[in-house]
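Biologist: Could you take me through how the parts of this chain are put together, step by step?

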Amino acid sequence: MWKVGELVSRKSYGKDICFHIVEIDRSQSIAVLKGMEVRLLADAPLTDLERVTDNELRDYTAGVRREEDDALRLIRMRRLIEEEKRAMRSDAKFRASHDFFEKPGRVLHLDGDGSYLDKCLLFYEELRIPAIGHHVAEARMAEVLPHFLQQYHPDILILTGHDGLLRKGQDLSNVFNYRNSENFIKAVKAARKYERSFDDLIIFAGACQSHYEALLDSGANFASSPHRILIHALDPVFIAEKIAYTPINQTVNIFDVVKSTITGTDGLGGLETRGKYRIGLPRSPY
């Protein structure tokens with residue numbers, strides 16, 4: 001007998017992803033599954049499920065951790081290179097003689113999954129990005145956004161959670177064939193009513209298999225998923241990091257943004273956008 005919360009994989013997909021069971025419809029013999037590390041909600045027949053063994057979980061977790069560590073390593077390497085470049089600028093001697101301070105872009109992150117949000121907030125802290133997060137169901141994001149935007153005045157807005165294609169073989173251009181793409185589109189439009197400038201408020205929207213083109217058309221700077229593939233739970237954080245630490249007088253290198261993620265260009269993309277990083281001086285002694 002299957003139980004909510006159990007860790008399972010799908011035999012028909014080669015047991016490639018570990019899921020938690022979040023709901024069971026015993027009348028239809030179907031379970032609703034949530035990916036451990038990918039932002040996907042999926043339906044699956046109970047007959048297609050297999051429990052994940054301790055060894056399988058250990059191997060899967062180790063692989064995920066390696067991907068996350070590799071992404072962090074690339075970000076740290078890039079920051080060192082950028083710091084060296086800044087040190088070679090003409091004003092480097094002036095700044096070196098003063099105790100300057102940094103102001104990276106501020107993030108407001110709305111997430112349809114509380115456990116993913118908690119993990120993202122830990123990584124924002126690790127990457128020294130000022131961030132505020134709220135767990136909000138995808139269907140309510142458009143409703144609550146005006147209040148949150150007026151309260152926090154963020155530089156970067158992250159709208160994510162779960163998504164996915166509802167039916168295989170259906171029209172990929174139809175937003176109604178996606179679990180939450182329409183909700184993300186409504187939220188982006190609500191944010192753009194608050195701030196129309198793509199450089200004053202930078203928006204990432206989407207999750208696994210989201211309707212990439214429609215999200216960009218609705219006003220997002222960056223979105224998922226160009227090839228309708230799964231994205232990692234931390235990909236929005238890595239996109240926010242690159243924006244937050246790109247100087248305001250430079251445009252964000254789109255290739256570098258996507259390269260900083262775990263999923264890559266098949267799962268994420270966007271538009272040319274200015275960065276949100278500022279240097280100030282002197283630092284107050286108080």
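Biologist: How far apart do the C-alpha centres of domain 1 and domain 2 lie?

Modeller: This is a predicted model, and its domain assignment divides the chain into domain 1, residues 6-52, and domain 2, residues 98-280. Taking the C-alpha centres of domain 1 and domain 2, the separation comes to 26 Å.

Biologist: Which element gives the largest share of the side of domain 1 that touches domain 2?

Modeller: In terms of contacts, 12 residues of domain 1 meet 22 residues of domain 2, and 13 residue pairs between the domains are in polar contact. The elements that give two or more residues to this side of domain 1 are β3 (30-35) and β4 (41-45). The largest share, 3 residues, comes from β4.

Biologist: Is K242 buried or exposed?

Modeller: K242 has its place in helix α7, which spans residues 235-244, and, leaving out residues up to four places away in sequence, K242 touches R78, E82, V252, D256 and V257. Its relative accessible area is 5%, and because the cut-off for burial is under 20%, K242 counts as buried.

Technical notes
Residues numbered from 1 in each chain as written. Predicted model: local features only at pLDDT ≥ 70, side-chain atom pairs only at ≥ 80, totals over all residues. Heavy atoms only, no water. Helix = DSSP H or I, 4+ residues; strand = E, 2+ residues; numbered from the N terminus. Buried < 20%, exposed > 50% of the residue type's maximum accessible area, 1.4 Å probe, protein only. Contact = heavy atoms within 4.5 Å. Domains from an automatic or database assignment. Polar contact = N/O pair within 3.5 Å; in protein donor to acceptor, adjacent residues only side chain to side chain.
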